[in-house]
Amino acid sequence: MLRGLYVKNLALIDETGVEFKKGLNILTGETGAGKSLLLGSVNLALGKKADKDIIRKDEEYALVELLFYVENKTILQKLKEMDVIFESEGEVLISRKLLQGRSISKVNGETVSAAELKQITGLLLDIHGQHEHQSLLDKAKHLEIVDEFAGKTLEKAKIKLEASYEEYIKGKNRLKEFSLDEEQRLRECSFLEFEIQEIEEAKLEEAEEETLMAWFKKASNSKRIMEAVSHVHEYISSDRASSAGEQIGHAVRELTAVSEYDEAISGILNQLEDIDSMLSDTSRELSVYMQDLEFDGEEFQKTQERLNVIHHLEEKYGATIPDVLAYCQEKEERLKFLKDYEEEKEQAEQALKEQEKEVISFCLEVSEIRKQAAKNLEEKIKQALSELNFLQVQFEISFEQLERPTKNGYDSIEFLISTNPGESIKPLGKIASGGELSRIMLAIKTILSGEEGVETLIFDEIDTGISGITAQMVAGKLTQIAKSCQVLCITHLAQIACMADSHYLIEKRVVDDRTVTKIRELGEEESIEELARIVGGAQITDTVLNSAREMKELAKRTK
């Protein structure tokens, strides 16, 4: 249920807020007062594209907030599955802030994308705008309506169908791989055999390149290494005059001679002896390293040749040895496929036939559920239309089978209708007027609102093109819908407005030399005065007021 609407800095609206209630909420006002603007603000909160000049003049931003309270446990669970976070159980606050060139949408304080916003709000309310009934001219809408009416039973069957259809498409794509003629197949086989042989003959090992590169690097720089090591050995060897080893040795001997005279010298002497020992050890290790460092020309050449082979294969088949080996495995699988081409093709064709049979069986199941639902829906729509002043109406839901199955089945559905006695039944789009389409959509909304769906319905001027007894019947239908869900209705007709459980007035005012649009809830007497204005226009006489009061009383008795 939509609890509240708050709008700020939007066109003629400086700042206004309103709390809505359960049942039938009626919104009225003078032509041009801003009724469409108010509905437009709701659409903006739901993610509709905003006009460039929608932000009120001299303001930096516009803000729209919708506060919902969700009572339906199924919808609540779906919202939680969409990761909607609830600070208060059941409360959903949707806000959209419009800035120059961009906007920010949030649900319970968390920023959401346009797609996420549409998915979430689709569970919360349904808006029937002035031109939405035109969607009935599209046959795809007819299928959508039948599927919505069929509900969860159909939903489960369609899930199975969609999964099966996805596998069927994969099978069709798989069969497209078998497009080679014999000459192409043999030529590709020959090329693959060459590539695989070239890689296999190299007998690559995954980690060998790193090992070979390390050895090659050392061997390539062996002369420089030997020179550096020799110099270092001369710098520290105690056998060389003026070397570090010789100097440290002299220092040790000097302190040893005087250490008995002062205990403090003993600590320094120990450190020098440690240094002398380390230099001796390092000198021996360098000697051993120089003895082992030999350049093997034959081994160097072999290593170079092996690296050339590896780099050549990496240039052709992959950046690293693991990449080359993976490429080889992939080509082996492709070669096997080509060698078993006819057998693989036969298996793919057979698998596709089996998958197609399964898809058709699921299409049949979906179609049967639809046809059962459509029969029931036909009767309900005829009944609802008769309650909306369609005399002797005929209504049928026609089924045709598509040439090929789709993920949605193989049904093409069209609504057929005859609204006047003696007329043959024809496609709805060919004979229904705009006013009739509006009432037909209202009938459908009435039926679907009885199913487990959104908790709030908004109707924008559903009364366009109707009057008299038809208007009374539309009012009765809206009242019927309002018993199972919250209804907000913008209207110009007193016959509809008098049925309000809650009545709101949208009006223009001039504040500080600027025009602003406001909305407020009317009390009982104010509601009667507004009805009188709708009926009597500028001249509201006592007779008109009494008539409005009588309409209100009659409406209370008929609810």
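Visitor: Is Phe178 buried or exposed?

Guide: Phe178 is buried, because its relative accessible area is 7%, and buried means under 20%. Keep in mind that this is a predicted model.

Visitor: Which aromatic residues does Phe178 team up with?

Guide: Ring pairs tie Phe178, Phe337 and Tyr341 together in a cluster. Take Phe178 and Phe337: the ring centres are 5.0 Å apart and the planes meet at 55°, so that pair is called tilted. The pair links distant parts of the chain, since Phe337 is in helix 12 (residues 321–339), 159 residues away from Phe178.

Visitor: And Phe337, buried or exposed?

Guide: Phe337 counts as buried, at 8% relative accessibility.

Visitor: How many aromatic pairs are there by this rule?

Guide: The count is 8 aromatic pairs. One of them joins Tyr165 and Tyr168, with 6.0 Å from centre to centre and 45° between the planes, which is tilted.

Visitor: Those two numbers look close. How far apart are Tyr165 and Tyr168 in helix 5?

Guide: Tyr165 and Tyr168 are 3 residues apart in helix 5 (residues 152–176), so about one helical turn separates them. Both of these tyrosines are buried.

Visitor: New topic: which charged residues lie over the face of a ring?

Guide: I can give you two. Lys97 lies over the face of Tyr61, 4.6 Å from the ring centre. Arg439 lies over the face of Phe390, and there the distance to the ring centre is 4.2 Å.

Visitor: Let's talk holes. How many cavities of 30 Å³ or more does the structure hold?

Guide: There are 2 cavities of 30 Å³ or more. The largest cavity has about 70 Å³ of space in it.

Visitor: What lines the largest cavity?

Guide: Its lining is made of Leu5, Phe20, Leu27, Leu38, Leu39, Val42, Ile458, Leu488 and Ile490. Two elements give two or more residues each to that lining: helix 1 (35–45) and strand 13 (486–490). Helix 1 supplies the largest share, 3 residues.

Visitor: And by class, how many nonpolar, polar and charged residues are in that lining?

Guide: The lining of the largest cavity has 9 nonpolar residues, no polar ones and no charged ones.

Visitor: Is Cys489 buried or exposed?

Guide: Cys489 is buried, with a relative accessible area of 0%. Cys363 is buried too, and its relative accessible area is 0%.

Visitor: What about backbone angles? What is phi at Ala11?

Guide: Phi of Ala11 is near 50°, which is a positive value in a residue other than glycine.

Visitor: Why point that out?

Guide: Because most residues other than glycine have a negative phi.

Visitor: Got it. Where is Ala11 found?

Guide: Ala11 is in the loop between strand 1 (2–10) and strand 2 (13–19). Ala11 counts as partly exposed, with 25% relative accessibility.

Visitor: What does phi look like at Asn389?

Guide: Asn389 has a phi near 70°, again positive in a residue other than glycine. Asn389 is in the loop between helix 13 (341–386) and strand 9 (394–406). At 22% relative accessibility, Asn389 counts as partly exposed.

How values were computed. Residues are numbered from 1 along each chain as its sequence is written. This is a predicted model: local features need pLDDT of at least 70, side-chain atom pairs count only at pLDDT 80 or more; totals for chains, interfaces and linings use all residues. Side-chain values use heavy atoms; hydrogens and water are left out. On a 1 Å grid over the protein atoms alone, a cavity is a set of points where a 1.4 Å probe fits but cannot get out, and a pocket is an open set with protein on both sides within 12 Å along at least five of seven lines; lining residues have an atom within 4 Å of a point. Grid points are joined across faces, edges and corners, and a volume is the space filled by probe spheres set on the points. Helices (H or I, at least four residues) and strands (E, at least two) are DSSP runs, numbered from the N terminus. Ala, Val, Leu, Ile, Met, Phe, Trp, Tyr, Cys and Pro count as nonpolar, Asp, Glu, Lys and Arg as charged, and the others, Gly among them, as polar. Rings of Phe, Tyr and Trp (its six-membered ring) pair if their centres lie within 6.5 Å; planes under 30 degrees apart count as stacked, over 60 as edge-to-face and the rest as tilted. Buried means under 20% relative accessible area, exposed over 50%, partly exposed in between (1.4 Å probe, protein chains only). A charge sits over a ring if NZ of Lys or CZ of Arg is within 6 Å of the ring centre and within 35 degrees of the ring normal.
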